[in-house]
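Me: I am new to this structure. Please walk me through the terms used for it.

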Amino acid sequence: MSEDLKRKLSSRKLWLAVGGFVASVLVLFGADAGETEKVTAMITALGSVVAYVLAEGYVDGKREE
């Protein structure tokens, strides 16, 4: 994978845009507010877990050096 692609995939702006796009598509296809909130909550929860796991892995890696 090229460095440029890695940089783009790690962009917070990209993921915010993807989240906005997904929410818009849900509304377009008639998802009610409850469904949209559930999807948003799942995206947020997953992002929080991933950030925590990566941060802990980084800290543990630094501790062993």
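**Terms and values**

Reply: Of the protein chain's 65 residues, 3% count as buried. This is a predicted model: local features need pLDDT of at least 70, side-chain atom pairs count only at pLDDT 80 or more, and totals for chains, interfaces and linings use all residues. Residues are numbered from 1 along each chain as its sequence is written, and side-chain values use heavy atoms, leaving out hydrogens and water.

Me: Why is Arg63 called exposed?

Reply: Its relative accessible area is 60%. Exposed means over 50%, buried under 20%, and partly exposed in between (1.4 Å probe, protein chains only). So Arg63 counts as exposed.

Me: What makes Asp60 partly exposed?

Reply: Asp60 has a relative accessible area of 32%.

Me: What separates Arg63 and Asp60 along helix α3?

Reply: They are 3 residues apart in helix α3 (residues 33-63), which means about one helical turn.

Me: What secondary structure does the protein chain have?

Reply: It has 3 helices and 0 strands, in the pattern α-α-α. Helices (H or I, at least four residues) and strands (E, at least two) are DSSP runs, numbered from the N terminus.

Me: Why is Val50 called partly exposed?

Reply: Val50, in helix α3, has 41% relative accessibility, so the term partly exposed applies.
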